[in-house]
Amino acid sequence: MENVVEVENLSFHYGDKAALSGLTFSVGRGEIFGFLGPNGGGKTTTFKILSTLFSCQPGQVKMFGMDLVKEKIQIRRKMGIVFQLPALDKKLKVRENLEHQGHLYGLAGKELQDRIDRDLERLSLKNREKDKVETLSGGLQRRVELAKALLSNPELMILDEPSTGLDPAARKEFWGHLESLRKEKGMTVLVTTHYLEEADRCDRLLILDQGKKVALGNPDQLKAEIGGEVLRLRAKNPNDLMAQITQKLKVKTLLVGGLIQIEEKKAHNLVGPLLEAFPEEILSLTLGLPTLEDVFIHKTGRRMLEERE
Amino acid sequence: MNFWLAVYTLWQRELVRFYRQPSRVVGAVGTALLFWVVLGTGISGISGTDYRAYFFPGTMVMSVMFTCIFSNASIIEDRQAGFLQSVLVAPVPRAAIVMGKILGGATLSTLQGLVLLPFAGTVGARFAPLPAMGLVLSLFLLSFVINAGGFWLAWKIDSPPGFHTIMNMILLPMWMASGAVFSASASPWLKFFMMINPFTYGVAGVRRGLFPAGDFTQLPSPSLCIILLTAFSVFFYALSSWVVEKSEMRN
């Protein structure tokens, strides 16, 4: 598969603080590729470099086979970008926003108007084209952002936390649009997110923590690496109980966010013995298949969610 | 060419946005007009001459100045709202983005100055084609200078109220020491300041345009006004473009 993005040993500093260290990955054409991690993990910095807002060193990032530093303008022509912050002019109408976008990408006249109609129809926005953006709901505004990014027929779409602030229904709908675009146009999609259910929808996922690669792979494969099931216990004295469990049942335990966690192939077999051995100490017990959160815990020993805003 | 299409689209956006916020339109013109009525009438009473006529060019420039401040402050809003980010990742040169924004602000400010022209008849202003063109050109070039300088400052400042305060602090003394309020000063440093002040050349151009028959031997010549204002425009445009180009690494 041809690579649309190739990142080699990418580092970035804010003053003395390293935001990214030695990141290497590549993205193939037509992939939906996700960046998952806590705030400060390096997702947004990566997004800003790939979207050409921040500069990197020559040779670190290649897109469409071109160097991001040397051929910035050519690369920009092939990308559509959706920012985390709303990038629409709220005082302007939906159609006006799209017209300005088209002009910035060198489109004008009938071709521009045709493309605007095409994208408004594709995203079911045609009946709102004359409305000022400030009168639209959050979900509709996001759809206009998507229409705006699509106007230049990009080969690559980069989105930074695109569904933050959307309700679950609007989020699902937004992702439906992304997936159909990939299917119909073979578009490559890069997306940063801290929603696990979004990360699950990606073909491949790069998990970042403190500017470093924690894991890279297909979400199901990453979860399979943990193998089996995950047990979580709430206890009166977690530390004491952990020691006792290890001693009695000979299983490895982790303390994550105040909960005792046990990752075992057949963790369900432990439920009976645990409850019989420590009926007083265990307050509650849950059994589940591993999630991407568990992958993160497995690799870093910390929870991802508690580090969120 | 993509450069001018980008300039055009950002210029147009600036105009549409401004006129969709009527308080801004009224605010700039209204303030200048009130100044003119109160200060003009008050000083006329003391001096015995028609100060309203003398003060009129300064009033037009004041309206220009306030509009420039509003228009520049929108750069800060754009940066905070994310609109500017989407412009910065478009395949257009930075210099086109800066030009579009400054031209938009300069056009608006010029229009907001010209809106006061109907009142000029009440203080004996006369219309003649060539001086009138000089007036429009002077207003426009001065607007361009203020917008280009303001762009540079706005790029460096994060809070809109802070920007308003700084702009008022810088621009009000420049406006006062431009021949808008008094014609000359005996103080050497003030004389020098008036000489290097772009407002001086804008106000002089407007004054000649309003009163073509007047005796203005003391004012800088029309060609000097145009040349200097153009030079200031080029300088501040280059400075703003350079700052934007250089700041790619910034948040």
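Q: In which hand does H7(B) pass H11(B)?
A: The model is a predicted one. A crossing is called left-handed when the near helix is turned anticlockwise from the far one by less than a right angle. In this structure H7(B) makes a left-handed crossing with H11(B).

Q: What kinds of residue make up the contact of H7(B) with H11(B)?
A: That contact holds 19 nonpolar and six polar residues, and no charged ones.

Q: At what angle do the axes of these two helices cross, and within what distance do they come?
A: Helix H7 of chain B covers residues 129–156 and helix H11 of chain B covers residues 222–246; their axes cross at roughly 25° and come within 8 Å.

Q: Are H7(B) and H11(B) parallel or antiparallel to each other?
A: The angle decides the matter: values under 35 degrees count as roughly parallel. H7(B) and H11(B) are therefore roughly parallel to each other.

Q: How does helix H3 of chain B pack with H7(B)?
A: Helix H3 of chain B, residues 51–81, packs with H7(B) at an angle of about 30°, and the two axes are 9 Å apart. H3(B) passes H7(B) in a right-handed crossing.

Q: Which residues make this contact?
A: From H3(B) they include B:Met60, B:Val64, B:Cys68 and B:Ile75. From H7(B) they include B:Leu139, B:Ile146, B:Phe151 and B:Trp155. By kind, the residues of the contact of H3(B) with H7(B) are 15 nonpolar and five polar, with no charged residue.

Q: What does a helix pair in chain A look like?
A: Helix H3 of chain A (residues 94–104) and helix H4 of chain A (residues 109–122) have axes that come within 10 Å and cross at roughly 130°. H3(A) and H4(A) are therefore oblique to each other, and H3(A) passes H4(A) in a right-handed crossing.

Q: Which residues of H3(A) and H4(A) meet?
A: A:Arg95, A:Leu98, A:Glu99 and A:Gly102 of H3(A) meet A:Leu112, A:Arg115 and A:Ile116 of H4(A). This contact divides into three nonpolar, one polar and three charged residues.

Q: How many helices and strands has chain B as a whole?
A: Chain B has 11 helices and zero strands. Its radius of gyration is 18 Å, close to the 18 Å that the globule rule gives for 251 residues, so chain B is as compact as a globular protein of that length. Along its principal axes, the C-alpha trace of chain B spans about 60 × 35 × 35 Å.

Q: How much of chain B is buried, and what share of its contacts joins residues 24 or more positions apart?
A: Of the 251 residues of chain B, 47% count as buried. Among contacts in chain B with a separation of 6 or more, 82% come from residues 24 or more positions apart.

Key. Residues are numbered from 1 along each chain as its sequence is written. Chains are lettered from A and ligands numbered from 1 in the order in which they are written. This is a predicted model: local features need pLDDT of at least 70, side-chain atom pairs count only at pLDDT 80 or more; totals for chains, interfaces and linings use all residues. Helices (H or I, at least four residues) and strands (E, at least two) are DSSP runs, numbered from the N terminus. The radius of gyration is taken over C-alpha atoms; the globule rule is 2.2 Å times the number of residues to the power 0.38. A residue is buried if 20 or more other C-beta atoms lie within 10 Å of its own, exposed if 12 or fewer, and partly exposed in between; C-beta atoms are placed from the backbone. Two residues are in contact if their C-beta atoms, placed from the backbone, lie within 7 Å. Axes are lines fitted to C-alpha atoms, for helices over the stretch in contact, and angles run from 0 to 180 degrees between N-to-C directions. Angles under 35 degrees count as roughly parallel, over 145 as roughly antiparallel, 65 to 115 as roughly perpendicular and the rest as oblique. Ala, Val, Leu, Ile, Met, Phe, Trp, Tyr, Cys and Pro count as nonpolar, Asp, Glu, Lys and Arg as charged, and the others, Gly among them, as polar.
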